[in-house]
Amino acid sequence: MRNYSTISVPNDVKKTLEKDKGSREWGEYLLELYKEATEIRKKRALENLAKLLSENELNNILEESRRFRREFKLR
């Protein structure tokens, strides 16, 4: 059996969210919102990083990341 929780929000916020939610369950809808927001934050962070670093620096970071993933092993 799943555990449930109640979240208090202002009525106008709930009405707005209910319109967007449609027939989806609250849990499904809120997880979708969370995933979308997370992806947007990641994209913005990458865009900001790209503004700060040169193309060469970004390529070096990408290559180091790939190398780390290939070589990293837990003991």
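Which residue forms a salt bridge with E64, and how far apart are the closest N and O atoms? Select E64 and R67 to see the pair, whose closest N and O atoms are 2.6 Å apart; a salt bridge here is a side-chain nitrogen of Lys or Arg within 4 Å of a carboxyl oxygen of Asp or Glu.

Before going further, note that this is a predicted model, in which local features need pLDDT of at least 70 and side-chain atom pairs count only at pLDDT 80 or more, while totals for chains, interfaces and linings use all residues. Residues are numbered from 1 along each chain as its sequence is written, and side-chain values use heavy atoms, with hydrogens and water left out.

**Stop 1: helix α3**

Keep E64 and R67 selected and show helix α3 (residues 55–71), where both lie 3 residues apart, about one turn of the helix; helices are DSSP runs of H or I with at least four residues, strands are runs of E with at least two, and both are numbered from the N terminus. E64 counts as partly exposed because its relative accessibility is 43%, and R67 is likewise partly exposed at 36%, where buried means under 20% relative accessible area, exposed over 50%, and partly exposed in between, with a 1.4 Å probe and protein chains only. Next select R70 and E63, whose side chains meet in a salt bridge at 3.9 Å, N to O; R70 is exposed at 53% relative accessibility, whereas E63 is partly exposed at 38%.

**Stop 2: a pair in helix α2**

The structure holds 6 salt bridges, and another one to select is that between the side chains of E39 and K42, at 3.7 Å, N to O. These two residues are separated by about one helical turn, because they are 3 residues apart in helix α2. E39 counts as partly exposed at 48% relative accessibility, while K42 counts as exposed at 51%.

**Stop 3: the nonpolar patch**

Now select I7, V9, V13, W26, L30 and L33, which make a nonpolar surface patch of about 470 Å². Patches are made of residues with over 30% relative accessible area and no salt bridge, like charges being joined within 9 Å and nonpolar side chains (Val, Leu, Ile, Met, Phe, Trp, Tyr) within 5 Å; the accessible areas come from the Shrake-Rupley method with a 1.4 Å probe, and for residues only the protein chains shown count as cover. Helix α2 (residues 26–52) gives the most to this patch, with 3 residues. L30, found in helix α2, is partly exposed at 36% relative accessibility.

**Stop 4: the largest pocket**

The elements that give two or more residues to the lining are α1 (11–21) and α2, and α2 gives the most, with 4 residues. The volume of the largest pocket is about 550 Å³, a volume being the space filled by probe spheres set on grid points that are joined across faces, edges and corners. On a 1 Å grid over the protein atoms alone, a pocket is an open set of points where a 1.4 Å probe fits, with protein on both sides within 12 Å along at least five of seven lines, and lining residues have an atom within 4 Å of a point. The lining divides into 6 nonpolar, 4 polar and 4 charged residues.

**Stop 5: Y29**

Finally, select Y29 in helix α2, which is buried with a relative accessible area of 2%.

Terms used
Nonpolar A, V, L, I, M, F, W, Y, C, P; charged D, E, K, R; others polar.
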